[in-house]
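Colleague: Could you walk me through this one? I'd like to hear about the aromatic rings and then the core.

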Amino acid sequence: MQLRNVELADVEAYVRMRCDPVMMADLGGPLPRAGMEDKVRRDVHRAAADLDWIKMIIPDPAAPEVVAGTVTLWSHTTEDGPMSEIGWMVLPEHQGRGLAKQAVRTLLDQARDEGEDQGQNQGQGRWGLVHAFPATGNGASNGICRSLGFRFVAAREVAFADRVLRANHWVVDPRTART
Ligand SMILES: CC(C)(COP(=O)(O)OP(=O)(O)OC[C@H]1O[C@@H](n2cnc3c(N)ncnc32)[C@H](O)[C@@H]1OP(=O)(O)O)[C@@H](O)C(=O)NCCC(=O)NCCS
């Protein structure tokens with residue numbers, strides 16, 4: 001498995017992930033197809049500028065055209081201050097093979113290494129603590145959090161793409177995540 005930055009040619013993968021009722025069942029239903037080129041363009045810009053880490057999951061480096069899903073680490077402002085958040089999706093034909101877990105682990109390892117390299121954020125690294133908000137009913141995603149050493153905080157409502165969803169709040173320190 002490899003991770004690479006999102007590219008303009010990833011529109012089809014975005015459409016399959018974000019505009020599909022099954023893929024989006026836990027995220028409030030499919031998003032409109034119309035906005036996807038713009039969304040990919042914005043994400044390519046943010047990834048290339050190293051503002052966010054927006055990665056595509058490539059299961060086999062020998063077949064780099066096959067994209068299995070995505071994992072993203074970004075920072076946003078909440079009423080409690082800045083928060084780093086990680087999220088992931090894997091397309092149906094690639095599910096159940098451990099790819100999501102491996103991709104999340106890989107990005108957390110990179111977050112840990114970035115902190116060590118740069119000694120930022122009072123020893124906490126660039127990203128500090130990393131939060132995740134899988135839907136309460138998403139067994140696989142909650143399993144990933146549990147097995148990678150996230151700590152369960154609480155169930156709560158979260159906003160996603162103008163919707164309000166019921167999610168489990170998990171948090172991990174990349175320096176102590178299980179690898
Ligand atoms: C959820 C999703 C990311 C899982 O991807 P995946 O690559 O199939 O996940 P993995 O194969 O890495 O499995 C992760 C873990 O969950 C476990 N798992 C799988 N299905 C499960 C279920 N229904 N209940 C509990 N655990 C489950 C696996 O056994 C594995 O744990 P293990 O390695 O300790 O055995 C993928 O199904 C998906 O993208 N779904 C649609 C979008 C989505 O729901 N995204 C997350 C939003 S919260």
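**Aromatic pairs and core**

Modeller: Phe-152 is partly exposed, with a relative accessible area of 42% (buried means under 20%, exposed over 50%, partly exposed in between, using a 1.4 Å probe and protein chains only). This is a predicted model, in which local features need pLDDT of at least 70 and side-chain atom pairs count only at pLDDT 80 or more, while totals for chains, interfaces and linings use all residues. Residues are numbered from 1 along each chain as its sequence is written, and side-chain values use heavy atoms, leaving out hydrogens and water.

Colleague: And Trp-170, buried or exposed?

Modeller: Trp-170 is buried, at a relative accessible area of 4%.

Colleague: How many aromatic pairs are there?

Modeller: The count comes to two, where rings of Phe, Tyr and Trp (its six-membered ring) pair if their centres lie within 6.5 Å, and planes under 30 degrees apart count as stacked, over 60 as edge-to-face and the rest as tilted. Trp-53 and Trp-127 form an edge-to-face pair, 5.2 Å centre to centre with 65° between the planes, and both residues are buried. The rings of Phe-152 and Trp-170 have centres 5.4 Å apart and planes at 70°, so this pair is also edge-to-face.

Colleague: Switching to the largest nonpolar core, which residues touch the most other members?

Modeller: Of its 26 residues, those are Val-71, Leu-73, Ile-86, Trp-88, Val-104, Leu-108 and Phe-150; such a core is a set of buried Ala, Val, Leu, Ile, Met, Phe, Trp, Tyr and Cys residues joined through side-chain atoms within 4.5 Å. Helix H3 gives the largest share, seven residues (helices are DSSP runs of H or I, at least four residues, numbered from the N terminus).

Note on methods:
Helix = DSSP H or I, 4+ residues; strand = E, 2+ residues; numbered from the N terminus.
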